[in-house]
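This report goes through a protein model for a reader who is new to structures. Keep the sequence and the 3D view at hand while reading.

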Amino acid sequence: MSKKLVEISGISVLDFPHILSINDEDGKLFEYNLESGKVEGIYEFGKDGDYEDIAINNDTVYVLRSDGAIYEITDFKNAPKVEKHKTFLSEKQDTEGLYFDALNNQLLIACKEEVEIDDEDYNVIYAFNLDTQTLQKTPVFTISKKHFKFKGKKHDFAPSGLAIHPKTNTLFVISSIGKLMVEMTLEGEIINKYSLNYSHFKQPEGIFFKANGDLYISNEGRKGKANILKFDYIN
């Protein structure tokens, strides 16, 4: 990836092979061509901040900040119009993952920080209803920490990105901490866990699927170069 995207923290399909991405702390959208390997456009939408993920619904772009704020951006290439949606989430919840769920016309928001429910710790995913422009108070997905026990660490799984697979209709959630990916049914049952503990997964932060099922995961560069990894879908 370009040096401009060494801290790439979110990716979403614009018009394949063109994608949009964000670079942590920059209030800018980066248009990147996966075939040419070049940044073909940079579009400013706001001040610098801790931006974590991006989602696209037709001509509307949504950007998630770590304090739970959602930026709704239209006409981003010409004269960006930006509307900021505040939620009841804050820096304490450390919101990291964003996905546009077209079937339910909602944004799914994954939190890095755990919550306690009935004396048990969970990772949670909330839904922002785009019709009412409100965040539902009850999580739509919960991931029990009992599935992840690594040497007594508190944060052994902390969502950094999520996406629904277009072929299997299952939800995939990645975590840079622990370098893991889980696959869940849309009823919330974990059906698979995958290790991402390989050298090319430096810091998995972004995820999306092509319509044909191919998987793409972006990694921050840390002290080296960032990358986007492709995995072909085999039915």
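## An open sheet

In this predicted model, four strands make up an open sheet with antiparallel pairing, in the order 15-16-17-18. Strands are DSSP runs of E with at least two residues, numbered from the N terminus, and two strands pair if DSSP finds at least two bridges between them. Strand 15 (158–164) and strand 18 are the edge strands, since each pairs on one side only. From one strand to the next, the twist averages 20°; axes are lines fitted to C-alpha atoms, and angles run from 0 to 180 degrees between N-to-C directions.

Strand 16 (residues 171–177) and strand 17 (residues 180–184) run antiparallel and are joined by five bridges. V173 stands opposite V182 in strand 17. Strands of a sheet pair through backbone hydrogen bonds, either parallel or antiparallel.

## How the model was read

Residues are numbered from 1 along each chain as its sequence is written, and side-chain values use heavy atoms, with hydrogens and water left out. The model is predicted: local features need pLDDT of at least 70, side-chain atom pairs count only at pLDDT 80 or more, and totals for chains, interfaces and linings use all residues.

## Aromatic pairs

How many aromatic pairs does a search of the whole structure find? The search finds 10. Rings of Phe, Tyr and Trp (its six-membered ring) pair if their centres lie within 6.5 Å; planes under 30 degrees apart count as stacked, over 60 as edge-to-face and the rest as tilted. F45 and Y51 are an edge-to-face pair because their planes stand at 65°, with the ring centres 5.1 Å apart. F45 is buried at 8% relative accessibility, and Y51 is buried at 2%. Buried means under 20% relative accessible area, exposed over 50%, and partly exposed in between (1.4 Å probe, protein chains only).

F201 and F231 form a stacked pair, 5.9 Å centre to centre and with 5° between the planes. This pair links distant parts of the chain, 30 residues apart: F201 is in the loop between strand 18 (190–195) and strand 19 (204–209), and F231 is in strand 21 (residues 227–231). F201 is buried at 4% relative accessibility, whereas F231 is partly exposed at 33%.

## A cluster and a charge

One aromatic cluster is formed by F16, F208 and Y216. K210 lies over the face of F16, 4.1 Å from the ring centre. A charge sits over a ring if NZ of Lys or CZ of Arg is within 6 Å of the ring centre and within 35 degrees of the ring normal.
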